[in-house]
Amino acid sequence: PKPSSAASDVYKRQSLYPPSPTLSLSIDGSLANLTWTSVSTAESYRLYQDDVFIIELAVLNHTLDIGTGSNTCFKVTSVNSIGTESLVSNEECGEGS
C-alpha cells in the first residue's frame, strides 16, 4: 500500500461527516428563536440545549421557551441520509427576560 499523507487523512476524516450548520439565536422575552443554515446533504437537524439533545427537525428553525434569568446555550448538527451526524455548529447562548 502507498503511504498516505497527513493531509489526505484529514480530508478523509472530514468527508465522513456532513457539514455543520451555522446557528443563530434571537431572544424575545422568554422565547429563544433559533435558525440555522441549510446543509445540502442533510435529511434532518438535531438541536442541543446545554449539550443535551432535545429535538430532531427537518426544518431550519425552532422556537422554545427558555424562561428567565438563566443563561441557556444551543448547538445544532446536521444528519445525512445514512444517519451520520455532523460535528456541532457554533454555540449560541442567551438569557430570557
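Where is the place of Thr72? A few friendly notes follow.

1. Thr72 has its place in strand 6; strands here are DSSP runs of E with at least two residues, numbered from the N terminus. This is a predicted model, in which local features need pLDDT of at least 70, side-chain atom pairs count only at pLDDT 80 or more, and totals for chains, interfaces and linings use all residues. Residues are numbered from 1 along each chain as its sequence is written, and side-chain values use heavy atoms, with hydrogens and water left out.

2. With 4% relative accessibility, Thr72 is buried (under 20% relative accessible area; exposed is over 50%, partly exposed in between; 1.4 Å probe, protein chains only). Beyond its neighbours within four places in sequence, Thr72 has contacts (heavy atoms within 4.5 Å) that include Gln49, Ile66 and Cys93.

3. The whole structure holds 1 disulfide (a pair of cysteine sulfur atoms within 2.5 Å). Cys73 and Cys93 form this disulfide, with sulfur atoms 2.0 Å apart. Their link is right-handed, with 110° about the S-S bond. Cys73 sits in strand 6 (residues 71–80) and Cys93 in strand 7 (residues 92–95), so the pair ties together parts 20 residues apart in sequence. Cys73 is buried at 13% relative accessibility, whereas Cys93 is partly exposed at 34%.

4. There is also an open, antiparallel sheet of 3 strands, in the order 1-2-5; strands pair if DSSP finds at least two bridges between them. Strand 1 (23–28) and strand 5 (61–65) are at the edges with a single partner strand each, so one side of each lacks a neighbour in the sheet. Strand 2 (residues 31–36) and strand 5 are joined by 5 bridges, and Leu34 has His62 as its bridge partner in strand 5.

How values were computed. Helices (H or I, at least four residues) and strands (E, at least two) are DSSP runs, numbered from the N terminus.
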